[in-house]
Amino acid sequence: MEQPIREKTVQPLNICTGLGVCWMGTTVVRALSRARRSVVALVICLGALGLMAGCDIATKNQPLPNILVLLSDDQSWMHTGVTGNSGVSTPTFDRVAREGVLFTRAFSASPSCSPSRAAILTGQDIWRLGAAANQSGPIDVQTEVYPDILEDHGYFVGYSGKGWYPGDHKASGRLRNPAGEAFTDEKHRARVEYFTAFLDSLPEGTPFCFWYGSREPHRPYGELRFKPHVLEGIKPPPIWPDVREIRGDLRHYLLRIEYFDKQAGNVLKILEERGLLHNTLVVMTSDNGMPFPRGKANLYDLGTRVPLAILWKDRVRGGRVISDLVSLTDLAPTFVDAAGTKIPREMTGHSLLNVLLSGEQRTETPRRDVIVTARERHSYAREGGVGYPARAIRTHDYLFIRNYEPSRWPAGDPPYFGDVDARDYSYYSPTKEYMIINREDPNVEPLFDLCFGKRPHAELYRVREDSLQMTNMLEVNRDGTAGSSVDYESIAKELADRLDEYLSTAGDARATDVESIWDALPQYADTTRSPRKDLPNPLEEMLSGRIRRNADTKGPP
């Protein structure tokens, strides 16, 4: 039975007195009218019938599943207990992975908050999303997002905390956040009581779709001091110096992951108490990698590879580990597929439903042997507000990256290096600060170059042997020290051709004669702040211009 059309305007309704939580209305006038959407959907279905075979979950008397996304903010893939990391306790993620399916090679579409979230919501590669490929660029009002699709098919949708963000969703004409109706406070914090308020508003017999967007482990972390014995078990990866300051920074990061995991556990507990967990498709993941040098805002695994576990007790056999390459763009078509709805042709992601329902233990299957990721402007970190455009293709064996503007600074112009948190030194970022201050130390210098220095047009890494992508095989090959007979130039060309073919087919302006738009777009969210007052003296000197060095060296211009 078709769902009744709601009123055109709905005044905000206070549903939880004392919590400051509102279910913010304005539900129907989001992008397209329902009638127009129906016409668009009909055209899409007629034109792509053979490309969109769903699993027809709505048949055979199966109730529609609830859908719950538990999203951390800036968490790399290896920082969970189930992956063997002894420095962090994540019992909730471990449970979802143990009772559900663990995806060991999952990747965000982009290593930047709002582009990655836009890709999750739309199921599309970021270059197809116009301004939304840039950090804070809004998702076009006519671009469908899965919460709207599910709402049109009878779901009750909402979010708490950080939905699509940062940015102003109203800039494109949307009347609400693309993640759904807001169940949150003025500071957009994700809290368990807000999820409870959402469930209390759920009409009886209605499936729900909810986005629980934590702000952890996003910076800032503050200035907590740790006793030496607390840091003994923290071992920084070799991409950064192993010093007390960086160990403490990592400990902060891991503590924030544990806090998110505890929040997520409380959400699952509520579902269990209400008898809703068994028929809820639970996805636990992160938007992009960790907020450290060469992590977030980079196309290396530290920036794009994320934890992913999916639980659906009623339908999906648990205890399985999938090592296929999957993208977070696959989530939107998975949700639409699970709801028994046709997947829009515009979605470039591929439904995981057949993988989940098959019960198979899959490893490196040919159909999922490649991932493409992309980067445009992350922050206003270069003169003129330009970004650092790049595309990457990742297989089980190699990562190939093409940097379109290698003359630019990938981490942002010195001395701020603003694409690395904190962009303006307004809050503590110990790893970044230590490496910049000590950049001429012989033990730090090569790591500083990797994290902050300029990069060549093309990069190639052997990901099985080099999980942090520290050795560009194209540079090693050229200086004659490769130590093997492998022709890495040929491998790079093969991957570059494969990347070009995909980008061209998927309509990327960077791979066509169409002029790209992203550098010319305005910065939609101004987050510029002043440096904090207690900066270390070397940084104060850099920012005040007392140190002058050539722009092509490690110092500021």
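The legends below describe close-up views of a predicted model.

**View 1. The salt bridge between Glu151 and Arg176.** The side chains of Glu151 and Arg176 meet in a salt bridge, with 3.1 Å from N to O. Because Glu151 belongs to helix α4 (residues 146–152) while Arg176 sits in the loop between β5 (156–161) and β6, the pair ties together parts that are 25 residues apart in sequence. Both partners, Glu151 and Arg176, are buried. Arg176 also takes part in a polar contact of 2.9 Å, made between its side chain and that of Glu181.

**View 2. Glu181 in strand β6.** Glu181 lies in strand β6, which covers residues 181–184. With a relative accessible area of 1%, Glu181 is buried, and its side chain makes a polar contact with the side chain of Arg176 at 2.9 Å.

View 3. Asp301 and Arg394 form a salt bridge in which the closest N and O atoms are 2.7 Å apart. Since Asp301 lies in helix α7 (residues 301–304) and Arg394 in strand β12 (residues 390–394), this pair ties together parts that are 93 residues apart in sequence. Asp301 is buried, and Arg394 is buried as well. Salt bridges that share partners also join Asp148, Glu151, Arg174, Arg176 and Glu181 into one network. The structure as a whole holds 34 salt bridges.

**View 4. The salt bridge between Asp242 and Lys235.** In this salt bridge the closest N and O atoms of Asp242 and Lys235 are 2.9 Å apart. Asp242 counts as partly exposed, at 35% relative accessibility, whereas Lys235 is exposed, with a relative accessible area of 63%.

**View 5. Helix α2 and the elements that cover its buried residues.** Helix α2 spans residues 91–99, and its buried residues are Thr92, Phe93, Asp94, Arg95, Val96 and Ala97. What covers these buried residues includes the strands β4 (101–107), β8 (280–286), β9 (305–311) and β10 (320–327), together with helix α6 (244–273).

View 6. The peptide bond that runs from Arg219 to Pro220 is cis, with omega near 5°. Pro220 is placed in the loop that lies between β7 (208–213) and α6.

**View 7. The loop between β13 and α10, with Pro415 and Tyr425.** A cis peptide bond, for which omega is about 5°, joins Pro414 and Pro415, and Pro415 lies in the loop between β13 (398–403) and α10 (430–437). Tyr425 likewise has its place in the loop between β13 and α10. Although Tyr425 is not a glycine, it has a positive phi of about 60°, and at 1% relative accessibility Tyr425 counts as buried.

**View 8. Gln469 in the loop between β14 and α12.** Gln469 is found in the loop that lies between β14 (458–462) and α12 (473–478). Phi of Gln469 is near 50°, which is a positive value in a residue other than glycine. With a relative accessible area of 0%, Gln469 is buried.

Definitions and conventions: Residues numbered from 1 in each chain as written. Predicted model: local features only at pLDDT ≥ 70, side-chain atom pairs only at ≥ 80, totals over all residues. Heavy atoms only, no water. Helix = DSSP H or I, 4+ residues; strand = E, 2+ residues; numbered from the N terminus. Buried < 20%, exposed > 50% of the residue type's maximum accessible area, 1.4 Å probe, protein only. Polar contact = N/O pair within 3.5 Å; in protein donor to acceptor, adjacent residues only side chain to side chain. Contact = heavy atoms within 4.5 Å. Salt bridge = Lys/Arg side-chain N within 4 Å of Asp/Glu carboxyl O.
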